[in-house]
Amino acid sequence: MGIGERFSNVLNRDPASEVPPRKSDISISDKEAEEITRKLEFERQAREGVGKFLKHPIKVLTENPLNILIVCVPLSLIVFIGGFIFMVKSYGIQVLFNSTVIDDFAVFAVLISVFPVALLDLKEELRMKNLENALPNFFRDLAGMNDSGMTLPNAVHLVAAAEYGVLTPHIRKLDNEMSWGVGFVEAIYRFGKGLGTPLANRSVDLIAKASRAGGDISQVLRAAANDTYEVVNLATERRNNMLIYVVIVLISFAVFLFVIAILVSTFLTTMATAGASAAAAGAHGFIGKIDIATYKRLFSHAAMLQGFFSGLVAGQMGEGRFIAGLKYSAIMLLIAWITFRFFI
């Protein structure tokens, strides 16, 4: 039987002669639909919250710098509480006043919490900076291709062959989605979501709305390129202007450490020697006994606190985010600890 005969048989078929579906077939179809719905719901839950963390723990911990605290904070508490219990159990409660080992555990615990966040934040900052620096060139090139008479999909396809640094994989993904039939507006929204920067989201939203309105997309692309370029330049200029204040904060911390080192090595040492000599001679003057170890511990606490919070101030002043100052806090806290444990 040919194709034409089959088609005519289908057209001439009497609906009344058709056999209605059985209840068992309907129930099977409903069960299959319920099973598919259940699997889709399970997959959706696996992409959110705890399900996403259990399925992709490394990805969840590294996609946002603050997410790493999920692991770092419990680990730092284990280090500090475990060290505290061990020292008290081994040497008694007086170890809190006679030794600086508890201070060391506290410093290590803070560094365990702070250092990974600072490292991931620095990595994310560099990624966003490189992406935003490449965006103006991409929008400008896309506008030029569109002005020459190309459609947006063809322009994106041609631009995707160029090199834009860290932005190149995202452009090629945009080109692939449009070649698979995804509309420009939906594809450009996915492009902005993949970049994950506020500047990219604003530019993408502007381009998508202009494309929907049917305006001159080339002019909009050029406007987005100029806006992105100006924002990047302003951010760079701000960082350069505020760099001097970051340097002042760092130098102030170094001067504080230097003054404490001179104070401990000269003034306090001289006072302690004079007090010991006066006590040995039986004289009771105003000097009295000076415990240099207590003063050193007090100064070490002051230096560590100043280093940590000065780093947060440097981050807020230099980059407008106190989290960006965690890298300075970690470095200055470590410098203060090393200085008092090995040099003062």
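Leu 243, Ile 244, Tyr 245, Val 247, Ile 248, Ile 251, Val 255, Phe 258, Val 259 and Ile 262 together make a nonpolar surface patch of about 910 Å². Patches consist of residues with over 30% relative accessible area and no salt bridge, with like charges joined within 9 Å and nonpolar side chains (Val, Leu, Ile, Met, Phe, Trp, Tyr) within 5 Å. Accessible areas follow the Shrake-Rupley method with a 1.4 Å probe, and for residues only the protein chains shown count as cover. The model is predicted: local features need pLDDT of at least 70 and side-chain atom pairs count only at pLDDT 80 or more, whereas totals for chains, interfaces and linings use all residues. Residues are numbered from 1 along each chain as its sequence is written, and side-chain values use heavy atoms, with hydrogens and water left out.

Helices (H or I, at least four residues) and strands (E, at least two) are DSSP runs numbered from the N terminus. Phe 258 counts as exposed because its relative accessibility is 55%; buried means under 20% relative accessible area, exposed over 50%, and partly exposed in between (1.4 Å probe, protein chains only).

Attention now turns to charged pairs. The whole structure holds 13 salt bridges, each a side-chain nitrogen of Lys or Arg within 4 Å of a carboxyl oxygen of Asp or Glu. In one of them, Asp 103 pairs with Arg 297, with 2.8 Å between the closest N and O atoms. This pair links distant parts of the chain, as Asp 103 in helix 7 (residues 101-147) and Arg 297 in helix 13 (residues 292-319) are 194 residues apart. Both partners, Asp 103 and Arg 297, are buried. Asp 104 meets Arg 341 in another salt bridge, at 2.7 Å from N to O. Here helix 7 supplies Asp 104 and helix 14 (residues 326-342) supplies Arg 341, 237 residues apart. Asp 104 is buried at 14% relative accessible area, while Arg 341 is partly exposed at 22%.

Helix 7 and helix 14 also meet through Glu 125 and Lys 327, so this pair ties together parts that are 202 residues apart in sequence. The closest N and O atoms of Lys 327 and Glu 125 are 3.9 Å apart. Shared partners join Asp 121, Glu 125, Glu 319, Arg 321 and Lys 327 into one network of salt bridges.

The largest has 34 residues, and Phe 138, Phe 139, Leu 167, Leu 174, Phe 191, Ile 207 and Leu 221 have the most contacts inside it. Helix 7 gives the most to this core, with seven residues. Beyond four places in sequence, Leu 221 touches Phe 139, Leu 142, Ala 143, Leu 152 and Ile 207, contact being heavy atoms within 4.5 Å. Another core, lying apart, has 27 residues, among them Val 107, Phe 253, Ile 260 and Val 264.

Val 107 is also one of the contacts of Met 304, along with Leu 333, Ala 336, Trp 337 and Arg 341, leaving aside neighbours within four places in sequence. Met 304 belongs to helix 13 and is buried, with 8% relative accessible area.

Note on methods: A nonpolar core is a set of buried Ala, Val, Leu, Ile, Met, Phe, Trp, Tyr and Cys residues joined through side-chain atoms within 4.5 Å.
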